[in-house]
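Thanks for coming. I will go through one structure, chain by chain, and keep it short.

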Amino acid sequence: MGAKEGKQSSFSEPTRRGEIVLKLSEFEFPPMRDVLLVGRKAPIGPEAVRRMVDALSPEQYEIIRLQHPLFEAVVVKKSLLKILPEEKLLPIILEEGERVAAENTIVKVQVDVVIYVSRAVEL
Amino acid sequence: MQVQDIMSQPLVIVSSDRSVQAAVELMEQRRIGCLPVVDEGRLIGIVTSRDVRNAHPNRLVADVMSGEVVTVAPGNSLWEAKELLERHGIERLVVVERDAPLGIVTKSRLHSEIGKHVDSLTGLERAEFLQRKASELVKQGREIAIVFLDLDDFGTIDKEYGHVFGDEILVLVAKRLKSLMANGVDYLSRYAGDEFAVLTTRSLDEARELAIRMVTALQTESWPEGVKVTGSAGVAGGRRQDVRRAGNEIYTVSDLINMASLASTAAKKDGKPMVVAEKVCLAGESE
């Protein structure tokens, strides 16, 4: 017992140091990109998203409520719907979303639409 | 008895921008199963313990509430509230006056209160129900009639066979009469001892036919121990009229019931199965 106590006393006093790490990046605005898929049990529901969108980017997004097993709603940038109609866009988004999302998640989707136009003119 | 007499107060509410977690804590703290959702004094939804059970605690109440709230006015009768609950298959009603929520009335509280107005022997409603329902129909401008049926010399059965046997007969009479009633048209009640009354939305002529069917049903039924059970019926009908019209004598629902009761007494006295009192102009009981 006496030998053990003698061994402990040979340790030096512990020191504590703090380290500060800063990560600076630009705030993505608006934070939801082009499309947001809201899971049925996600921490944020469609109404909360609507209030956030209304506050941050008024009149720029449309909220579409869904009858879907995983997703409760989809938030889509209105400008996107002008390029691609809802009935063409939504099935693709949902099909791909189903592969990666669960009902408790919110998935943001970046959508790039490229339209190829070829016209002929009479010479 | 009105909804405002039994509604739970003070009302605990939540706003739509609170979290589900906050709503759960509020319900647990106050030991209640639901919260009306009120924004700027206006009722916009209702959130129940079932709604929050599987919801993420971070969600807004707005995202889990039901926006379709079935409401009732404080002045509505308990039976009107019961009909609303049954029609919508729900457990509770929010009591609202001019868009502002005042309280909550639950199915269990309503049933317990209405149970006090149900005759425990026959399971039929008592006289108070008849009065309330009749006033409600008159307020709606509906034509109503009362059939009052008094069992003949029922005291003799009690004296000869005992009150337990007499009670058994009363239960069978109630059952037989109930079988003649049309749902949502005829409302049968045990008015007192051996007196039964039917409030009906049939015309006076049809009510008269119903009274004859009731009297005949008792006459032709085979009763235990071969006892004879007969009754005498009185019928009175009325419709709400313009109360200001000169020269029209206005009766209340109580008067109508009284007229039917007196008509049944007259029928018994004259040895007739049924007597019809004349048709009258009615004013609502609460007016």
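Which strands of chain B does helix 4 (residues 78-88) lie across, and at what angle does this helix run to strand 4? Helix 4 of chain B lies across strand 3, strand 4 and strand 5 of chain B, running at about 125° to strand 4 of chain B. Angles here run from 0 to 180 degrees between N-to-C directions, with axes as lines fitted to C-alpha atoms, for helices over the stretch in contact.

Before more of that, the ground rules. This is a predicted model: local features need pLDDT of at least 70 and side-chain atom pairs count only at pLDDT 80 or more, while totals for chains, interfaces and linings use all residues. Residues are numbered from 1 along each chain as its sequence is written, and chains are lettered from A and ligands numbered from 1 in the order in which they are written. Helices (H or I, at least four residues) and strands (E, at least two) are DSSP runs, numbered from the N terminus.

Back to that sheet in chain B. Its three strands form an open sheet in the order 3-4-5, with mixed pairing; two strands pair if DSSP finds at least two bridges between them. Strand 3 (71-72) and strand 5 (100-106) of chain B stand at the edges with a single partner strand each, so one side of each is left without a neighbour in the sheet. Strand 3 and strand 4 (residues 92-97) of chain B pair in the parallel sense over two bridges, and Thr71(B) stands opposite Val94(B). Helix 5 (residues 107-115) of chain B lies across strand 4 and strand 5 of chain B, at about 65° to strand 5.

Now helix 10 of chain B, residues 253-270. At 1.5 Å a residue its 18 residues should span 26 Å, and its end C-alpha atoms are 26 Å apart, which agrees; the expected span is 1.5 Å times one less than the number of residues. Buried residues in helix 10 of chain B include Ile257(B), Ala260(B) and Ala263(B). Buried means 20 or more other C-beta atoms within 10 Å of a residue's own, exposed means 12 or fewer, and partly exposed is in between, with C-beta atoms placed from the backbone. After helix 10 of chain B comes Gly271(B), with a positive phi near 70°.

On to chain A. Its secondary structure comes to four helices and four strands, running α-β-α-β-β-α-α-β from the N terminus. Of its 123 residues, 19% count as buried.

The four strands make an open sheet of order 2-3-1-4 in chain A, with antiparallel pairing. Which strands are at the edges? Strand 2 (61-65) and strand 4 (106-109) of chain A are, each with a single partner strand, so one side of each is left without a neighbour in the sheet. Strand 1 and strand 3 (residues 71-77) of chain A pair over five bridges, with Val35(A) opposite Val76(A). Helix 2 of chain A packs on the sheet, touching strand 1, strand 2 and strand 3 of chain A.

Last, Arg40(A). This residue is in the loop between strand 1 (35-39) and helix 2 (46-56) of chain A. Residues up to four places away in sequence aside, Arg40(A) touches Leu70(A), Phe71(A), Glu72(A) and Glu103(A); contact means C-beta atoms, placed from the backbone, within 7 Å.

Definitions and conventions
Two residues are in contact if their C-beta atoms, placed from the backbone, lie within 7 Å.
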